[in-house]
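Let's take a quick tour of a protein chain together. Have a look at the model below, then read through the notes.

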Amino acid sequence: MQALCSDCSLQVPRFSITATPRKFASFVSTLSPSKAGTRLCLPFGCGRYKPITRSLWDGFEVQCASSDGESGDEFYMRRCVELARKAIGYTSPNPLVGCVIVKNGIVVGEGFHPKAGRPHAEVFALRDAGDLAQNATAYVSLEPCNHFGRTPPCTEALIKAKVKKVVVGMVDPNPIVAFKGVERLRDAGIEVVVGVEEELCKSLNEPYIHRMLTGKPFLSLRYSLSANGNFLNLLGNGAADCGGYYSRLLQEYDAVVMSSSFFTENFKVPASQEPGANQPIRIVIHKDPSSLNQVLSSINDITSKIIIFTENKARTAPEVAQQGIETVALDQINLDVILDYCNRQGLCSVLLDIRGSFSEFEVLVMEAMEKNYINKFITEILPVWNKRTEPDPLQTLKSLEQGMKVLNLKSKTSDQSVIIEGYFKSE
């Protein structure tokens with residue numbers, strides 16, 4: 001799914017095909033220097049672009065020119081990323097990918113991968129371009145695939161279309177793909193440039209990259225604080241409305257881990273309000289056996305998939321299975337089992353949303369911090385100055401023995417709240 005914001009990028013160096021789990025190793029090619037993905041040529045073209053054919057995706061003519069009228073590989077790659085973002089929430093476990101076909105300084109085709117199982121971005125862009133793709137340059141945010149999956153190889157589509165050049169944003173970390181697409185295109189006599197706007201392309205698909213390198217979903221922690229640093233069990237004004245940061249988060253993540261108290265304390269069950277949003281899977285942490293009937297009653301109103309992780313002592317009722325709700329009973333709920341389950345389901349990203357009963361999250365959060373499972377945090381600071389909660393729900397985090405470095409700290413406003421985002425790196 002898409003990164004939380006366009007200017008937040010995961011600091012992932014160039015990948016290694018032999019990268020070991022849980023390490024973002026250097027992406028060092030084993031190929032010769034001419035095939036290692038280094039920039040092979042300077043940006044081309046400097047003229048202003050003319051209006052072109054109507055875009056298949058946007059329904060309006062696209063005039064590809066930067067603010068100063070100049071062109072470059074970076075400009076078209078940014079357009080690829082813009083197109084890819086149109087499918088936020090729909091491509092997992094596949095990555096978000098955009099493609100632009102340019103000929104003589106004019107965009108003649110555009111496309112993006114709309115959904116897992118559907119044709120890839122290159123196919124849609126080539127269809128849009130038609131015969132104009134011959135001797136054109138194809139820009140694609142992720143290396144074209146060179147294997148048969150649910151769809152044919154995109155490399156063969158590009159070769160058949162007789163494109164002259166392919167500009168790739170980043171090499172695919174999937175070992176099935178990595179460098180094989182680049183090599184196939186070069187072997188067919190097509191000029192290939194790799195690494196254009198690479199960091200931007202990485203930030204577009206940080207959950208996909210993380211899962212490929214570690215075998216676990218990308219995990220983010222979200223919580224709210226008052227202006228004086230106390231935990232708040234609520235969201236700011238407009239956060240859950242269409243266009244609000246929280247509504248967009250739920251659109252971007254494959255699953256959200258939530259407390260069963262959402263169903264017992266009249267909380268509004270998290271749902272994205274974005275138009276056409278693909279709702280995340282709700283993973284419910286349930287420990288209180290006395291609340292099961294109330295939980296089941298509230299779940300009746302939810303149409304998207306629900307998974308209840310519960311402890312054996314909770315004794316899940318037969319009604320759960322009758323409602324089509326999946327349950328996983330454990331001696332003790334732990335994050336390893338939850339993340340492994342999500343990975344087997346093909347989920348790339350999970351949001352740990354700390355609202356409701358903190359006691360249901362305490363063990364999970366401690367485990368996540370100790371094992372360095374949390375990749376990103378999103379903290380909402382509300383315009384509230386409140387009394388300290390006793391006991392402090394965040395004391396578990398504050399008392400951790402090991403330190404954690406925070407990278408790429410960013411802030412933005414949401415109505416009257418301030419949203420702080422960053423990435424964890426253990427010291």
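In which loop is the place of Glu 197? It sits in the loop between strand 5 and helix 5 (198-204). Helices (H or I, at least four residues) and strands (E, at least two) are DSSP runs, numbered from the N terminus. Keep in mind that this is a predicted model, so local features need pLDDT of at least 70, side-chain atom pairs count only at pLDDT 80 or more, and totals for chains, interfaces and linings use all residues. Residues are numbered from 1 along each chain as its sequence is written, and side-chain values use heavy atoms, with hydrogens and water left out.

**Confidence**
- The chain has a mean pLDDT of 79, and 74% of its residues reach 70 or more; pLDDT is the predictor's confidence in each residue, from 0 to 100.
- Residues 1-70 have a pLDDT below 50, and this stretch has 185 contacts in the model beyond near neighbours in sequence. A contact means heavy atoms within 4.5 Å.

**The chain as a whole**
- Count up the secondary structure and you get 12 helices and 15 strands.
- Of the 427 residues, 55% count as buried. Buried means under 20% relative accessible area, exposed means over 50%, and partly exposed is in between (1.4 Å probe, protein chains only).
- Take the contacts between residues at least 6 apart in sequence: 71% of them join residues at least 24 apart.

**Nonpolar cores**
- In soluble globular proteins, nonpolar side chains tend to be buried together.
- The largest nonpolar core here has 50 residues, and those with the most contacts inside it are Val 100, Ile 101, Tyr 139 and Val 166. Such a core is a set of buried Ala, Val, Leu, Ile, Met, Phe, Trp, Tyr and Cys residues joined through side-chain atoms within 4.5 Å.
- Helix 1 (residues 73-84) gives the most to this core, with seven residues.
- Apart from it lies another core, of 34 residues, including Tyr 223, Ile 307, Tyr 373 and Leu 394.

**Cysteines**
- You'll find zero disulfides here, a disulfide being a pair of cysteine sulfur atoms within 2.5 Å.

**Helix 4**
- In helix 4 (residues 180-187), the buried residues include Gly 181, Val 182, Leu 185 and Arg 186.
- These residues are on the same side of helix 4, because they cover an arc of only 130° around the axis. The arc is that of the directions from the helix axis to the C-beta atoms.
- The buried residues of helix 4 pack against helix 3 (154-160), strand 4 (165-168) and strand 5 (191-194).
- After helix 4 comes Gly 189, with a positive phi near 90°.

- Most residues other than glycine have a negative phi, and most peptide bonds are trans.
- Asn 104 has a positive phi, near 55°, and sits in the loop between strand 1 and strand 2 (106-112). Asn 104 is exposed, with a relative accessible area of 74%.
- Back to Glu 197: its phi is positive as well, near 50°, and it is partly exposed, at 24% relative accessible area.
- The peptide bond from Ser 92 to Pro 93 is cis, with omega near 10°, and Pro 93 lies in the loop between helix 1 and strand 1 (98-103).
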